[in-house]
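Hi everyone, thanks for coming along. Please have a look at the chain on the screen, and then I'll walk you through it.

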Amino acid sequence: MADHFIQGSFAFTCSIAEAALIEEAWQLAADLMGDFEPAPISDELLAVFPPTLADKPLSGFTAIFDDANFPDLGAYIRVENSIEDPKTCSVSIYSDTDFQPWPIAGLIQRCCQPSLAIAPIGFDWSLTCSKPRIDSFGGGWCAIFSDRIEIETTREALSKALDGGLS
């Protein structure tokens, strides 16, 4: 038996309003994961996650997860006010066990549109294992733009390189 870990740690700068949306969404995911009644959802959060199903107001939010019934981001968040610019915050997202790249990227893309219009946000992650198991090590990278998310695993990049697709 072996333990597998998806690890990631990164930080980015965004506006105070964007950071507030991220924190609200993060808490909503935690409430849903714990089967707690979520706090009232702000109009701002509902606007960035419009329902995908008419009878389920949170369906737009849960759609960013692999399993809508299991809205896990697999990471922790820390938001700190910027010393240099009082209108911005530094958002740190980190985990050493179950980092979830796709939902984290989807959350950032939806909540940080004004910041993404200025510059993309990126991160990488690692896949590790407590024992030497074939195909149990790797990782990937993610670049978040206002109009798209580009995400690739090291296994995909290696396959491209072996096929002569990288120069």
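Predicted model: local features only at pLDDT ≥ 70, side-chain atom pairs only at ≥ 80, totals over all residues.

Residues are numbered from 1 along each chain as its sequence is written, and side-chain values use heavy atoms, with hydrogens and water left out.

Let's begin with the overall picture. The chain has 6 helices and 6 strands; helices here are DSSP runs of H or I with at least four residues, strands are runs of E with at least two, and both are numbered from the N terminus. Starting at the N terminus, the elements follow the pattern β-α-α-α-β-β-α-α-β-β-β-α. The C-alpha atoms fill a box of roughly 50 × 40 × 30 Å along the principal axes. For 167 residues, a compact globule would have a radius of gyration near 15 Å, and the 17 Å of this chain agrees with that. That radius is taken over C-alpha atoms, and the globule rule is 2.2 Å times the number of residues to the power 0.38.

Now the sheet. In what order do the strands of the open sheet lie? The order is E2-E3-E1-E4-E5-E6, 6 strands with antiparallel pairing. Two strands pair if DSSP finds at least two bridges between them. At the edges are E2 (76–81) and E6 (149–153), each pairing on one side only. From one strand to the next, the twist averages 10°.

Let's walk across the sheet from E2. This strand is joined to E3 by 6 antiparallel bridges, and the hairpin between them runs through 6 residues. Within that pair, valine 79 has valine 91 in E3 as its bridge partner. E3 is also joined to E1, by 8 bridges, again antiparallel; here alanine 11 is partnered by serine 92 in E3. On we go to E1 and E4, which pair in the antiparallel sense over 5 bridges, with isoleucine 6 opposite leucine 127 in E4.

Next, the helices. Helix H6 (residues 154–162) lies across E5 and E6, at about 75° to E6. Angles run from 0 to 180 degrees between N-to-C directions, and axes are lines fitted to C-alpha atoms, for helices over the stretch in contact. Contact, by the way, means heavy atoms within 4.5 Å.

How do H1 and H4 pack? Helix H1 (residues 16–33) meets H4 at an angle of about 140°, with the axes 9 Å apart. The two helices are therefore oblique to each other: angles under 35 degrees count as roughly parallel, over 145 as roughly antiparallel, 65 to 115 as roughly perpendicular, and the rest as oblique. On the H1 side, the contact is made by Glu18, Leu21, Ile22, Ala25 and Trp26, and on the H4 side by Ile104, Leu107 and Cys111. By class, that contact has 7 nonpolar, no polar and 1 charged residues. In this scheme Ala, Val, Leu, Ile, Met, Phe, Trp, Tyr, Cys and Pro are nonpolar, Asp, Glu, Lys and Arg are charged, and the others, Gly among them, are polar.

Last stop, the two loop residues. Where is leucine 58? Leucine 58 sits in the loop between helix H2 (43–48) and helix H3 (59–62). Setting aside neighbours within four places in sequence, leucine 58 is in contact with Leu28, Leu32, Ile41 and Leu46.

Aspartate 72, in turn, lies in the loop between H3 and E2. With neighbours within four places in sequence again left aside, aspartate 72 is in contact with Met33, Phe65, Asp98, Gln100 and Pro103. Aspartate 72 and serine 9 are 63 residues apart in sequence, and 16 Å apart in space from C-alpha to C-alpha.
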